[in-house]
Amino acid sequence: MLKGLAPKPPLRSPPTHQPRAVMAGAATHRSHGENPASEASQPEASTQRDLAASEGATRASAPLKSNPSIPVTVRSDGLQYLEVKDLRSVLKPRKSPFCATNNAGAGFVGDTDLVRIGIMEYESSHSSGAQGSGLYDAADNSWVDIPPYAIRSGPRESIYHDPKQVTAALVTCGGLCPGLNDVVQNIVYTLEDHGVPEDQIFGIRFGLRGFLDRHTKPIMLSRAAVEGIQLKGGTVLGTSRGNAKMHEIVDRLRLWGVNMLFVIGGNGGNAAAHAIARECERQGVVCNVVGVPKSIDNDIQLIDRCFGFDTAVEEAQRSLICARTEARSASGISIVKLMGRSSGFISLNASMASGVVDVCLIPEIPFSVPRLVAHVQTILAAKDYCVICVAEGAGQDVVQEGGAGGTDASGNPILKDIGTFLRDRFEEAIEGIDVRYIDPSYMIRSIPTITTDRIYCKVLSQGAVHGAFAGYTDFTVGLVNTHYVYLPTTTIIQSARTVDPAGRQWNRLKTAINQPDLA
């Protein structure tokens, strides 16, 4: 048994607690004939009327259709929100160690403070982006209703663990992403700030397999051990895919006495966290399981952005700028393939940021090779060179005429190389053309974070620890409409978040580069 790890008591069955949003309670519009000047003269009364109308409409909305993956509960004033499971029935509440200073003068988050998930109030169904609400699943082109609100992240006045009795474990899962070390560091810092002894915080090596590989022992994490790791790319803990043997993993949690587990991962990592939380409940192991959303593809539902995404876009647009130099110097074509298995957010944002892309191909938007070649020929006729940005998952229906390529250890589809495919097609179709193919995929995910991601990682990490001490489990922490919230893991793993082909974001890029329909 590791130092500081002791078995915890069995779990008594806790209450079963379990997003774009259903905007049943959004603020009402001013009706025709109202006097704006009279409203301006009474701003406070107007605000109170708008809030009352908004909240009244929300309370009056019909209950959502029951869906076990999207748990809904109601606050005392009638507001519906996404419910997060907790273990409070088997834990003892106590005052936060930060009460003495009123949390350094900032106060505490209310236990049922809520954040609105969706903020738009469309004039009509014809408005851009008004095609649906809730969670969109591109696989079957459907929308799933969710409640309007989520629980606010942050420190509570009451905590449900004695910090001296906490044994915490951290694990990084899946592919690399900028910010993994930032998150590890700041979870450790926040645990120690709560008073968790440094010899009771452990890092699991090389992903979930580290729970089971007898040759890969957990390492002790202290403030000194993680100092400066945010300046490095990758993850100091190591990572891997698959190896999700939940029963055996939970056996180890019980054996080691771990009562807080932080899983840093993407859709697959969060799905694993959910499975671990369910197995803990089944086996009677008291352990708060917390997810931190990692994905440079930015493909986790509801969350504004995943950590590492900004850094990936910044590095990707550098490759695009270099590709322009190559193409212009040779009067040819440069193709840059970026990551994006099922979501084209990196390609879209890097194309917009760089300002040098002529064609952007993403998984959500189909295209045909003949139309693509014809459009590129038009561009070459106008300015002698062309820069194409393509997401790795784009055009798989075009490349995979012989069938799919199977799945990897995490269950993700194995993609065929759209970049080399396009290079070959252009060389065949355009006589004498010089085609440069650039694949910086792994380079953009293995670097340290830029400023925005570094700050984001700090806040996510702090929120994750605050949520665990608040007794919550089977949740992830994320940014929704610029506010930090706790979301049920079951909700965000429903499907991958994708670019809306009819949305404003794709439309902005398409019109900026004059890209026609290529299907």
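Strand 14, covering residues 333-338, is mostly covered: six of its six residues are buried, where buried means under 20% relative accessible area with a 1.4 Å probe and protein chains only. Strands here are DSSP runs of E with at least two residues, while helices are runs of H or I with at least four, both numbered from the N terminus. This is a predicted model, with local features needing pLDDT of at least 70 and side-chain atom pairs counting only at pLDDT 80 or more, while totals for chains, interfaces and linings use all residues. Residues are numbered from 1 along each chain as its sequence is written, and side-chain values use heavy atoms, leaving out hydrogens and water.

In a regular strand the side chains alternate between the two faces of the sheet.

Now for its neighbours. Strand 14 runs parallel to strand 16 (residues 386-391), joined by six bridges; pairing takes at least two DSSP bridges. Leucine 338 has alanine 391 of strand 16 as its bridge partner. Strand 14 also pairs with strand 17 (residues 435-438), again in the parallel sense, over four bridges, and there serine 334 stands opposite arginine 436.

Over to the helices: the axes of helix 7 (residues 309-330) and helix 8 (residues 345-354), lines fitted to C-alpha atoms over the stretch in contact, come within 8 Å and cross at roughly 55 degrees.

Notes. Buried < 20%, exposed > 50% of the residue type's maximum accessible area, 1.4 Å probe, protein only. Axes fitted to C-alpha atoms, helices over the stretch in contact; angles between N-to-C directions.
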